[in-house]
Amino acid sequence: MAWLCADFRVDQESYQHYGYHRVIFHESARATGNGLFVAQVYEAIIKFQEMRGGGTPMRLCLALFYLVYYRNDPQVVDKAKVLLNQVLRSKSQINLATGYNEVDCLDEARDRLAELLYEQFRYTSELTSKQQFLGEMRKIQEENVNNALYDTNPSESSTAIIYACMLRKVSSNSQFQDVLERLFQSCVKALSDTDSSNDQASLVLLAKVLACVPGLERDARIAFSAKYSILDQKIALTSEDGTYGLSDIHRDDANDKGVETESIPENSAEQQSENKDEESTVEWKEERFRYKSHEKWGDILPSDPIKCSGNSEHVIRYWESTPIYVCITYIDVHLCAACFENIKLVNCGEKAWNDIGTRRFCGEDHRYIKGPIEGWKGIRDGVIVIEREDVETRMPFKDWLEDLKMNRWKRAWEAFWKREDLVNVLE
Ligand SMILES: [Zn+2]
Ligand SMILES: [Zn+2]
């Protein structure tokens, strides 16, 4: 019990509460075909911890085990659902083995529950069942949780995309719009403030929001393509929480033989014409650092490589070797090109989920955004550069975002409401 519980932690790459010990334990179920033993051990631990006012983290672990290893068994999936609901409504998230307050359990439980509800919602054709799943989804979007440290607003997080998709199908387009509007405004706000630490997540979420609205597909791909870019060097350098201390981190990157680097020109023509704050920017640059930029992808954020959701041995390091596909509905599914091709084979019936990996990490017939957009040359000195057929387009990221907010977003909704849904000519 101590061996399992003490190892509870968030895997920063997959955002899952999978400690190393737990992976071994779960894999043993697969190797021996004895999943029941794993479930019984968890149940015994939960029972023991419950008597001492704990058990929430282990309940989450058991739910995740069920979801990964018994994905195709509806009865076990229902058990996972009960556990996730219990985690979300738990009074305490303390891990008794370590004493840590595992508040992230709540996000994980909500994310997995939303994905689960979405699949159940999609696979029933009964309107009353769909409405019942929508009701469960509404509850987890609106419910308060028991932890003062918890600061996630579900209406401004990825689960709201799932909620919006459900609303559109069986409720109303105006509720669909309301949910997306709130998400959109929160993303734009996060990308306009002086804290760069949330920009990466906000760009992915913004890309998903835009992908849900007809006519904004190109903007969705640009937002996703900007995911690895430094949007504003000055803000990145002076970020309040110091997450991106570029003056330090980029020196390390420059030494990394995997990254080709070159100096950014100190005073580009675009900057002279576009940047109102030019004087202070130049002064700041001269003072603070010799900035290094990636030759092909522009000003790349210093961040660790992530694992592909389809195969943990596939490493994704920005756009280095492959396009990347992000699932629009599931919370954090990033796929390399090989895994995306495999999913296509599953969707057309040529392969089964079990043929392409040890776990089901995404759903059938999901929709994805491919990045980077064709001709993407990154963001350089705050300017988006896209080169297609020898034509180079440059626009400051701030202007792109402002025009999106003030014009394109509004026009897309006007077109959405005006659009005639019947066929053009029936012939
Ligand atoms: Zn992969
Ligand atoms: Zn998916």
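Where in the chain is the place of G382? This residue sits in the loop between β8 and β9, and it makes a handy starting point for a tour of this predicted model. The protein has 18 helices and 10 strands. Of its 427 residues, 37% are buried. Among contacts with a separation of 6 or more, 62% join residues 24 or more positions apart.

**G382 and its surroundings**

- G382 counts as buried because 23 other C-beta atoms lie within 10 Å, where the cut-off is 20 or more.
- Beyond its neighbours within four places in sequence, G382 is in contact with L231, D232, Q233, P396, F397 and K398.
- D299 is 83 residues away from G382 in sequence, yet the two C-alpha atoms are 8.5 Å apart in space.

**The β8-β9-β10 sheet**

- The strands β8, β9 and β10 form an open sheet in that order, and their pairing is antiparallel.
- Both β8 (376-380) and β10 (391-396) are edge strands with a single partner, so each has one side without a neighbour in the sheet.
- On average, neighbouring strands here are turned by 15 degrees against each other, direction ignored.
- Between β8 and β9 there are 3 bridges in the antiparallel sense, and W376 stands opposite I386 in β9.
- The hairpin of β8 and β9 has 2 residues between the strands, and D381 takes a positive phi near 55 degrees there.
- β9 (residues 383-388) is joined to β10 by 6 bridges, again antiparallel.
- In this pairing, V383 stands opposite P396, while V385 stands opposite R394.
- The hairpin of β9 and β10 also has 2 residues between the strands, with E389 taking a positive phi near 45 degrees.
- Helix α18 (residues 397-418) packs on the sheet and touches β8, β9 and β10; its direction makes about 75 degrees with that of β10.

**Helix α18 and its partner α9**

- Two packed helices are described by the angle between their axes and the distance between the axes.
- For α9 (residues 173-192) and α18, the axes come within 11 Å and cross at roughly 170 degrees.
- The two helices are therefore roughly antiparallel to each other, since angles over 145 degrees count that way.
- On the α9 side, the contact is made by Q177, F184, V188, L191 and S192; on the α18 side, it is made by L401, K405, W409 and W413.
- Sorted by class, this contact has 6 nonpolar, 2 polar and 1 charged residues.

**The β6-β5-β7 sheet**

- Another open sheet has 3 strands in the order β6-β5-β7, with antiparallel pairing.
- β6 (334-336) and β7 (368-371) stand at its edges, each with a single partner strand, so one side of each has no neighbour in the sheet.
- The twist from one strand to the next averages 30 degrees.
- β5 (residues 324-327) pairs with β6 in the antiparallel sense over 3 bridges, and Y325 stands opposite L335 in β6.
- Helix α16 (residues 337-347) lies across β5, β6 and β7, and runs at about 100 degrees to β6.

**Helix α11 and what covers it**

- Helix α11 (residues 217-225) is mostly covered, with 7 of its 9 residues buried.
- The buried residues in α11 are D219, A220, R221, I222, A223, F224 and S225.
- Their cover includes strands of both sheets described above, with β5 and β7 as well as β8 and β9; helices α10 (199-211) and α18 also take part.

**The nonpolar core**

- In soluble globular proteins, nonpolar side chains tend to be buried together.
- The largest nonpolar core in this model has 97 residues.
- Which residues have the most contacts inside this core? They are A63, A164, A207 and V209.
- Helix α4 (residues 56-69) gives the most to the core, with 10 residues.
- A207 is in contact with A220, A223, F224 and I369, leaving aside its neighbours within four places in sequence; of these contacts, A220, A223 and F224 are among the buried residues of α11.

Methods
Residues numbered from 1 in each chain as written. Chains lettered and ligands numbered in written order. Predicted model: local features only at pLDDT ≥ 70, side-chain atom pairs only at ≥ 80, totals over all residues. Pairing = 2+ DSSP bridges. Helix = DSSP H or I, 4+ residues; strand = E, 2+ residues; numbered from the N terminus. Axes fitted to C-alpha atoms, helices over the stretch in contact; angles between N-to-C directions. Contact = placed C-beta atoms within 7 Å. Core = buried A, V, L, I, M, F, W, Y, C linked by C-beta atoms within 7 Å. Buried ≥ 20, exposed ≤ 12 C-beta atoms within 10 Å, placed from the backbone. Parallel < 35°, antiparallel > 145°, perpendicular 65-115°, else oblique. Nonpolar A, V, L, I, M, F, W, Y, C, P; charged D, E, K, R; others polar.
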